[in-house]
Amino acid sequence: MAQKKRPTRAAPKRKARKPTRTKAKRGFFRRLLPYVFLLGCLAAAVLAGYMVYLDSAVRAQFEGTRWTLPAKVYASPLELYSGLDLSRSEIVSRLDRQGYRASSSLSRSGTYRSSGGRLDIHTRAFHFWDGQQASREIRLNFDSTGVSSLSALDKQGDLALIRLDPLMIGSIYPKQGEDRILVKLGDVPPMLPAGLITVEDRDFMNHWGVSPKSILRAAVANLRAGGVVQGGSTITQQLVKNFYLNNHQTLVRKAKEALMAILLDAHYSKPEILEAYLNEVYLGQDGGRAIHGFGLASYFYFQKPLEELQPQEIALLVAMVKGPSYYDPRRNPERALRRRNLVLDMFHSAGFLEEDSWREAKKADLGVTARTVRSTSQYPAFIDLVRRQLLGQYKDADLTEEGLRIFTTLDPEVQAAAEKRVSDGLDKVEAARGIARDSLQASAVVTSVEGGRVLALVGGRDAGFAGFNRALDARRPIGSLMKPVVYLTALAEPSKYNLITPLDDSALSVKLANGDTWRPQNYSKSTHGSEVPLHYALTHSYNLSTARLALDVGIPDVIDTLKELGYNGDPLSVPSLALGAVDMAPMQVAQIYNTLAAGGYYTPLLAIRDVTTREGEPLSRYPLKIRRAVDESPVYLTNWILQRVARYGTGSSMYRTLDRSINVAGKTGTTDDLRDSWFAGFAANRLAVVWVGRDDNKPAQLTGATGALQLWAGIMADIDPRGLMNVPPEDVVEIPLRLRFDPNGASGNDYGGCSGTTPVPFVRGYVPDGLSDCDSDIMRENRYRREQPQQRQEEQEEGNWLQRLFG
């Protein structure tokens with residue numbers, strides 16, 4: 001059989017080979033490349049534009065006004081001269097308060113040496129409102145009365161008077177709360193910039209704003225620690241962060257910080273950047289005020305200028321740069337001490353702190369002041385007064401940005417005494433009277449009688465609390481503080497009233513315009529008859545006789561007297577005004593009583609004496625303005641009674657605290673339901689007003705004598721009051737009288753005899769007859785003056801008759 005042929009298979013078709021992935025990718029990127037290039041160019045353009053923007057921002061702010069400079073407020077400087085009535089210990093206390101250091105040598109300013117009866121001082125240079133005063137080395141010698149002589153130890157010439165640099169008591173800073181004192185790199189101790197570079201940025205002088213080496217070192221340290229333990233920021237980056245940026249730790253912000261640091265380093269020299277850092281770095285918080293820069297930090301922590309810092313003090317400030325709150329020497333002293341000593345070790349290793357100095361510095365304590373003397377929170381009430389008295393003369397921006405220098409009248413020693421007596425006094429009053437602890441509040445004003453300078457102002461129990469300023473804003477009824485105004489108004493009419501004029505202290509009712517009836521009562525709820533001597537009624541603060549006197553002289557006349565004394569309000573013309581139905585703040589009361597204390601001369605109470613630019617150029621002066629407000633004679637008679645108030649009347653308990661040899665005058669004030677306790681009083685050189693009460697206006701359960709007077713006496717005892725000298729005006733004579741009065745009328749009035757007498761002042765020509773023959777010359781003169789008007793009238797009538805007869 002023939003075999004069949006197998007059909008042959010068709011050769012399989014070969015499939016077309018697909019392009020490989022690599023080639024496809026290459027083609028894709030080749031097609032994408034123009035777009036990438038375009039995006040790159042766009043990104044480069046954006047980056048270039050952003051760099052131009054950053055460059056403009058960096059240069060504009062760095063070259064422009066870099067910082068807002070708050071106005072600096074200074075206390076009144078202590079003047080040293082032969083005859084100054086301060087002891088050696090008192091002057092040393094003031095030197096310590098201002099950061100002067102005891103030293104065996106006077107090689108540096110800000111030091112003193114005390115031994116025996118002398119005190120050597122190396123004063124600081126200072127630019128006062130009237131010019132520059134150079135640093136001097138002086139010697140004070142002392143005797144029992146104070147400074148007996150002042151001489152120069154240097155070769156700069158003799159001197160009769162020298163002022164110590166004034167204490168800076170605060171700043172008027174902007175709302176954001178930044179404060180600083182600018183320093184120049186060339187004026188700071190060389191150890192400070194050297195130490196700062198050693199601790200914060202060793203490559204500062206070599207890198208270009210950013211240090212890759214530092215960043216890498218910090219990254220390795222942080223990886224090993226498992227957290228952030230080291231930063232890689234340079235001093236330039238830190239300055240950028242403080243100067244331009246916020247504290248948000250993001251990659252975008254860090255990149256921006258690096259770019260700006262590079263730009264800053266490209267435009268400005270290393271010294272310029274370092275000087276800016278010294279003035280900008282944040283170094284602590286003082287309430288609402290941020291402490292920026294080493295210049296202010298030196299005062300804030302050590303109470304002295306930067307150039308006077310010792311190595312251990314410089315090291316502490318440098319140590320705090322890492323974390324001002326964490327290493328706060330007041331709150332965390334042990335932590336701060338460890339960090340400071342570590343920095344001292346770094347100073348020593350770097351070679352700019354020698355072995356002996358290094359060991360001595362590590363043994364020293366932190367040396368920070370317990371209280372921030374340069375803090376605005378220390379004298380908030382007084383600073384508030386300064387701001388108000390500047391209102392209208394300077395814009396707010398001038399006070400917070402231009403670095404003005406404001407010289408005030410505050411006396412730090414008087415202020416310290418007032419603060420302590422207010423705080424301690426309230427504690428004692430509450431404990432003694434069984435009043436709930438910390439329920440009472442108080443305020444105080446102390447002025448200089450001559451010149452009306454405000455020496456101290458306490459706005460509340462916690463003098464460092466910048467809250468409600470009771471000395472200026474707590475307007476409360478003044479009670480019996482008003483009574484001297486009534487008596488002064490009456491005594492201005494010598495033909496009708498004198499110190500022994502009998503007053504009626506019987507019950508009184510007055511129909512008011514609104515139909516109500518006003519029925520005042522004495523504090524004792526009793527009456528004292530119709531023959532109470534005028535001086536006695538005020539000495540013992542009788543309400544009924546005072547009210548009747550006010551109605552007799554006229555309430556409008558009393559208001560006129562009140563305004564002449566310095567009150568700028570508009571009180572209601574009602575009978576109760578005589579007993580204190582007018583609201584005043586302690587500062588307003590001080591103005592009225594200062595006019596009385598000054599013998600009837602009115603001068604506005606001032607807290608400021610001069611204002612200058614930060615360079616020392618004068619801007620404003622606050623000269624003494626004085627005018628005769630009230631006649632001298634009635635003021636003298638009124639003050640004579642107020643001295644009896646202090647000796648024998650409602651204020652007599654003051655002499656449990658005051659030396660009885662000191663003659664002072666004053667008046668208690670108590671309001672309805674014992675809500676307010678007042679005392680206003682003065683010596684020859686000092687006046688003080690104290691208010692005590694409750695902020696909620698509930699009864700304080702205190703009279704003027706049991707509350708405010710206790711604080712007032714303590715303040716006055718601490719501020720060196722000079723006793724009043726009773727030198728009558730030319731138009732006043734004194735008659736020796738026996739002042740006896742029994743409020744129950746048992747013995748009546750006795751003005752006869754010359755034994756056991758008191759010199760009682762009267763206006764010449766208005767001495768009542770039959771009082772005393774102890775000074776017959778005065779009595780004869782008095783009768784002559786009374787007879788003169790009648791004699792002159794008779795002579796005039798006779799002359800007219802002759803003229804008509806022969807005319």
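**Group meeting: a walk through the predicted model**

Okay, let's start with one side chain: Tyr74 counts as buried, because its relative accessibility is 10%, and buried here means under 20% relative accessible area, with exposed being over 50% and partly exposed in between, using a 1.4 Å probe on protein chains only. Phe407 also counts as buried, at 0% relative accessibility.

Quick housekeeping before I go on. This is a predicted model, so local features need pLDDT of at least 70 and side-chain atom pairs count only at pLDDT 80 or more, while totals for chains, interfaces and linings use all residues. Residues are numbered from 1 along each chain as its sequence is written, and side-chain values use heavy atoms, with hydrogens and water left out.

The overall picture, then. The protein chain has 23 helices and 32 strands; these are DSSP runs numbered from the N terminus, H or I with at least four residues for helices, E with at least two for strands. Of the 807 residues in the protein chain, 51% are buried. If you take contacts (heavy atoms within 4.5 Å) with a separation of 6 or more, 68% of them are between residues 24 or more positions apart.

Back to those aromatics. How many aromatic pairs does the structure hold? There are 11, where rings of Phe, Tyr and Trp (its six-membered ring) pair if their centres lie within 6.5 Å, and planes under 30 degrees apart count as stacked, over 60 as edge-to-face and the rest as tilted. Tyr74 and Phe407 have ring centres 5.3 Å apart and planes at 20°, so that pair is stacked. Tyr74 sits in strand 1 (residues 71-74) and Phe407 in strand 15 (residues 405-408), so to speak two distant parts of the chain, 333 residues apart, linked by this pair. Phe407 also forms an edge-to-face pair with Trp129, at 5.1 Å centre to centre and 65° between the planes. Trp129 is in the loop between strand 6 (126-128) and strand 7 (131-133), so with Phe407 in strand 15 the pair ties together parts 278 residues apart in sequence. Trp129 is buried as well.

Next, some strands. Strand 4 (residues 111-115) pairs with strand 5 in the antiparallel sense over 5 bridges; two strands pair if DSSP finds at least two bridges between them. Ser115 is opposite Arg118 in strand 5. The hairpin has 2 residues between these strands, and Gly116 takes a positive phi there, near 55°. On to strand 8 (residues 137-143): strand 5 pairs with it too, again antiparallel and over 5 bridges, with His122 opposite Glu137. Strand 5 (residues 118-122) is mostly covered, with 4 of its 5 residues buried.

There's also an open sheet of 5 strands, antiparallel, in the order 17-16-30-29-28. Strand 17 (453-458) and strand 28 (665-670) are the edges, each pairing on one side only. From one strand to the next the twist averages 10°; axes are lines fitted to C-alpha atoms, for helices over the stretch in contact, and angles run from 0 to 180 degrees between N-to-C directions. Helix 20 (residues 586-597) packs on this sheet, touching strands 16, 17, 28, 29 and 30, and its direction makes about 145° with that of strand 30. Strand 28 and strand 29 (residues 676-682) pair over 6 bridges, and Lys667 is opposite Ala680 in strand 29.

Now helix 14 (residues 412-433). Its 22 residues reach 31 Å from first C-alpha to last, close to the 32 Å expected at 1.5 Å a residue, where the expected span is 1.5 Å times one less than the number of residues. Its buried residues, among them Val414, Val422 and Leu426, pack against helix 2 (88-97), strand 16, strand 17, strand 30 and helix 22 (708-718). At the start of helix 14, a side-chain oxygen of Asp411 comes within 3.0 Å of the backbone nitrogen of Glu413. Gly434 follows the helix, with a positive phi near 65°.

Why is helix 5 (residues 235-243) described as largely enclosed by the rest of the structure? Because 7 of its 9 residues are buried, including Ile235, Leu239 and Phe243.

Last stop, Lys270, in helix 7 (residues 270-280). Lys270 is buried, with a relative accessible area of 13%. Among the residues Lys270 touches are Met205, His207 and Asp265.

Technical notes:
Polar contact = N/O pair within 3.5 Å; in protein donor to acceptor, adjacent residues only side chain to side chain. Lists of a residue's contacts leave out its neighbours within four places in sequence.
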